[in-house]
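The following questions and answers set computed values against the criteria behind each structural term. Please consult the sequence and the model alongside the text.

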Amino acid sequence: MRPEVAPAHLFLPGPTPVPADVALAQALPMVDHRGDAFGALMADLLPRLARLFGTAGGVAVLPASGTGGLEAALVNLFSPGERVLAVVAGAFGARWAEMAADLGLVVDRLEVAWGEAASPSAVAGRVADQPYAGVLLTQNETSTGVLQDVESLAAAVRAQAPETLVAVDAVSGFPAVALPMDAWGVDLVVAGSQKAFALPPGLALVAVGERARQAVEASGRRRAYFDLRPYLRGDLPYTAPVGLWYALERSLARLEGEGAERRERRHRLVARMVREGARALGLRPLAREEVASPTVTALTLPEGVEPAAVRAAAGRLGAAFAGGMGPLRKVAVRVGHVGAVGPLDAVAAVAALEAALAEVRGQPADGAAAAAAVRAWRGGAADGLEAAGQRKEGART
Ligand SMILES: Cc1ncc(COP(=O)(O)O)c(C=O)c1O
């Protein structure tokens, strides 16, 4: 399908809708990435990014998707033969663990059931038993829709193994969900442009705390394209995707204007609306309420309903949902609600889901999902998640 006739509404955990001012910023005239104008842009954005991540260290803005940032984390922090503990609670945790092994690290896995969050005491037990150079965490497991308690997990590592570095894949969660890395004792965080930054794909943001920066500089491992050292000294080793940087400035302005707390409340409200709307259709969120992700919801479908058929029907209506991953491929769809999304997007998402399900099952749709989402909106406002009807800076306009 040509892009201009592709579904208009992205209910994906990335890429997400890009606000018009952010998209338009990319059309500003091209400049020399080695010239003064771009230098000034970098000098403005890098400290602002460090503040957003809550670190006194630095942020490398890499021309890569999120996975490039994860590879950069591994090759800069660790050397072949070093042992790391990977906390694996779904497909993305597994991928990072496999990448670490492919890059020559000795990887022990702490397996967590799909749909569950990792327990800090289990992590504490593992790092107390065996010395690790690092622990690899996933803030928001996009395959299951589970938010991990990074603060407690990092604290558990710090308490048992103060020397062990904590690296977090926050590609699908940050900055929708706060992760003040220095305050939480997190050494490195990777985010991706096409998720909570509400930017087009193409930038990996790697925030490196002071301790991790020392490890990056001290490491004798040979590195190439993903060598973070020049970035952390404030240099730009390769041609920057200038248009994406312009858009990043707009995205940051929006994020700063909204603030971390309001942003997290907005995402939690929208997520709750999606879950309630889905439940009204008889769909089951895989994650328990206590660990449910503010940015993505994995829903198991009734028996005999094919996820591919539901997604195809939704596509005909103009809505894009994500498929299930791994063991959930044949039984689940995933609804993304991250970035420039607001309550009305949740209503639209569940209405589209209801229409698609009705088409697949040959049954009427009575608007139950949208009604349930609206009830959740009003209940969320009562719980202080967001004042009903109040428009947020980051919401889609
Ligand atoms: C948690 C997580 N990690 C890593 C990735 C990979 O990011 P990318 O596709 O931008 O390389 C994703 C993508 O959805 C993700 O959700």
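**Salt bridges, rings and burial**

Arg-250 and Asp-21 form a salt bridge whose closest N and O atoms are 3.4 Å apart. This is a predicted model in which local features need pLDDT of at least 70 and side-chain atom pairs count only at pLDDT 80 or more, while totals for chains, interfaces and linings use all residues. Residues are numbered from 1 along each chain as its sequence is written, and side-chain values use heavy atoms, with hydrogens and water left out.

Q: Why is the contact of Arg-250 with Asp-21 called a salt bridge?
A: The term requires a side-chain nitrogen of Lys or Arg within 4 Å of a carboxyl oxygen of Asp or Glu. The closest N and O atoms of Arg-250 and Asp-21 are 3.4 Å apart, and the pair therefore qualifies.

Q: What makes this pair a tie between separate parts of the sequence?
A: Arg-250 belongs to helix 10 (residues 242–258) and Asp-21 to helix 1 (residues 20–25), so the pair ties together parts 229 residues apart in sequence. Helices here are DSSP runs of H or I with at least four residues, strands are runs of E with at least two, and both are numbered from the N terminus. Both residues also belong to a salt-bridge network that includes Asp-44, Arg-48 and Glu-249.

Q: Why does Arg-250 count as partly exposed?
A: Buried means under 20% relative accessible area, exposed means over 50%, and partly exposed lies in between (1.4 Å probe, protein chains only). Arg-250 has 29% relative accessibility and therefore counts as partly exposed. Asp-21, at 27%, is partly exposed as well.

Q: How do you know whether Glu-290 is buried or exposed?
A: Its relative accessibility is 61%, so Glu-290 counts as exposed. Glu-290 forms a salt bridge with Arg-288, with the closest N and O atoms 2.7 Å apart, and Arg-288 is partly exposed at 37%.

Q: Why is the pair of Phe-11 and Phe-321 called stacked?
A: Rings of Phe, Tyr and Trp (its six-membered ring) pair if their centres lie within 6.5 Å; planes under 30 degrees apart count as stacked, over 60 as edge-to-face and the rest as tilted. The ring centres of Phe-11 and Phe-321 are 5.5 Å apart and their planes are at 25°, so the pair is stacked. Phe-11 lies in strand 1 (residues 9–11) and Phe-321 in strand 13 (residues 319–323), 310 residues apart. Phe-11 is buried at 4%, and Phe-321 is buried at 3%.

Q: What makes the pair of Tyr-225 and Phe-226 edge-to-face?
A: Their centres are 5.2 Å apart and the angle between the planes is 65°, so the pair is edge-to-face.

Q: How do you know that strand 10 is largely enclosed?
A: Six of the six residues of strand 10 (residues 203–208) are buried, so the strand is largely enclosed by the rest of the structure. Leu-203, Leu-205 and Ala-207 are buried on one side, and Ala-204, Val-206 and Val-208 on the other.

Q: Why is strand 10 said to pair with strand 2?
A: Two strands pair if DSSP finds at least two bridges between them. Strand 2 (residues 58–63) and strand 10 share six bridges in the antiparallel sense, and therefore they pair.
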